[in-house]
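This report describes selected features of one protein model. The sequence and structure come first.

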Amino acid sequence: MLLPDAEPYRAWSNFTFTATTGHIREVDLLVVARGGVYLIEIKSLVGRLTAAGSNWTQHRDSGNTRIFDNPLHLANQKSKELRSLLENAGRASRTKIPFIQPAVFLSNPTLRVELPDHQLHWVFGPERGAPGGAAERNADGAGRGGSGGRGGVALPSIWSGLLDAPLRDERQRITPALSKALATLLATVGIARSRRHQQVGSWQLEFPAFDSGPTWQDHHAAHAQVASERRRVRIYLVERATGEAERANREAVARREFLVLHGIDHPGIVQVDGLESHEAGPALIFRHRPDEMRLDHYLDRFGDRLDAGTRLRMIRQLAEAVAYAHGRHLYHRALAARSVLVVPSGGRGWLAPNLMISDWQAAAPRRRLGHRGADKRDDDDVARTGGGARGPGSCRIWNWPPPATWRPRSAPPTRIRSASTCSAWARWPT
């Protein structure tokens, strides 16, 4: 697809920018067209594409599957962050920055798309002229015209369905003057050619980040001298315009997690190798297996193949890891399915998984003030997570809906109504 060589059309591909939050974002394609500005996430998937909740699953013809978050969500976040940068840069010239519409382009015309209707908004396919391309687009960005890959849902085409779609509101038109101003402002905010690797100590980061939260990003990394050595690097991001107090707080969070995990030796708890400095903020280096996945992704992929015995063994692993931590007066305080990593074991592989608890940045040791003077704040935090392994993670493993009425014997009654806990825990074998 080629854009017209005329105003107001402009495009930038494969670039990075640093958001005000400190997140380093990578953009596949940004297009200025007559009807708006579009940030497009490009996915060249093959096989079949389905969805479960907010996760997408790619089913390859080989039988392998890959589970990942709906890319529109991250594209939406990037759009907001880029627009914020442009607004800040455009204040002096009083340039009014238009809304940046996120979209996903599934570029492979042979991909069989089997997404539910609510997951099709702002998802587009190849142009009609491409083999297997799609056609019309509904007003909400989720169309069914044209032909789909091997009988799947037919996606609206990226050109006629988005970039060259008729204007629905003349006020949305991008003028040549505004298009030129946006080009100038993009240079001002410092977009740069995408860099696939950045250095943290002896480790080279891979972009884009494979997971992120409000204040951190996780990257796969390879050792600069021994490429076979792999790690997970978590960067605690420091916002561009942050003050010294906030910067010190981010550094304290990273240091706390490092100190909490330093010296911990348990197969059910992630191991940390070091604490390094990075231009975006402090960085923690974790032991990492390339095949590990989050528990919520694992259950979406293998949950229907797990028998009761395997589920109980998984819950027991979590309980033993939490007990080990509690034995050292250490409480996670934020345990959830996305905070648990899963790796296959020998023999049965993924059907006999090993679990590791991650995300200890909110953890803190419980102060020992005597039997009646124990730190109530930590008791309350444990109650909110259902007593560690008895919380949302174990409920999802067992696939038992957590009732709101169950009350553990030792938790404060004022907190327990909000605790997400499995009522059958006391009856499960130990």
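## Basis

The model is predicted.

## Contact of α1 with α3

Helix α1 spans residues 71-89 and helix α3 spans residues 176-189; their axes come within 9 Å and cross at roughly 100°. The two helices are therefore roughly perpendicular.

On the α1 side, the residues that meet α3 are L82, L85, L86 and A89. Their partners in α3 are L182, L185, L186, T188 and V189. By class, the contact has eight nonpolar residues, one polar and no charged.

## Helix α5

Helix α5, residues 295-302, is mostly covered, with six of its eight residues buried. The buried residues are L295, D296, H297, Y298, L299 and F302.

## Largest pocket

The largest pocket holds about 1,500 Å³ of space. Its lining comprises 50 residues, and those nearest the centre are I67, F68, D69, F210 and D211. Strand β6 (residues 65-69) gives the largest share of this lining, five residues.

Sorted by class, the lining of the largest pocket consists of 22 charged, 15 nonpolar and 13 polar residues.

## Second largest pocket

The second largest pocket has a volume of about 530 Å³. It is lined by 24 residues, with G35, G36, V37, F99 and Q172 closest to its centre. Two or more lining residues come from each of β3 (36-43) and α2 (159-163); β3 provides the largest share, three residues.

Twelve residues in the lining of the second largest pocket are nonpolar, six are polar and six are charged.

Methods: Residues are numbered from 1 along each chain as its sequence is written. This is a predicted model: local features need pLDDT of at least 70, side-chain atom pairs count only at pLDDT 80 or more; totals for chains, interfaces and linings use all residues. Side-chain values use heavy atoms; hydrogens and water are left out. Buried means under 20% relative accessible area, exposed over 50%, partly exposed in between (1.4 Å probe, protein chains only). Helices (H or I, at least four residues) and strands (E, at least two) are DSSP runs, numbered from the N terminus. Axes are lines fitted to C-alpha atoms, for helices over the stretch in contact, and angles run from 0 to 180 degrees between N-to-C directions. Angles under 35 degrees count as roughly parallel, over 145 as roughly antiparallel, 65 to 115 as roughly perpendicular and the rest as oblique. Contact means heavy atoms within 4.5 Å. Ala, Val, Leu, Ile, Met, Phe, Trp, Tyr, Cys and Pro count as nonpolar, Asp, Glu, Lys and Arg as charged, and the others, Gly among them, as polar. On a 1 Å grid over the protein atoms alone, a cavity is a set of points where a 1.4 Å probe fits but cannot get out, and a pocket is an open set with protein on both sides within 12 Å along at least five of seven lines; lining residues have an atom within 4 Å of a point. Grid points are joined across faces, edges and corners, and a volume is the space filled by probe spheres set on the points.
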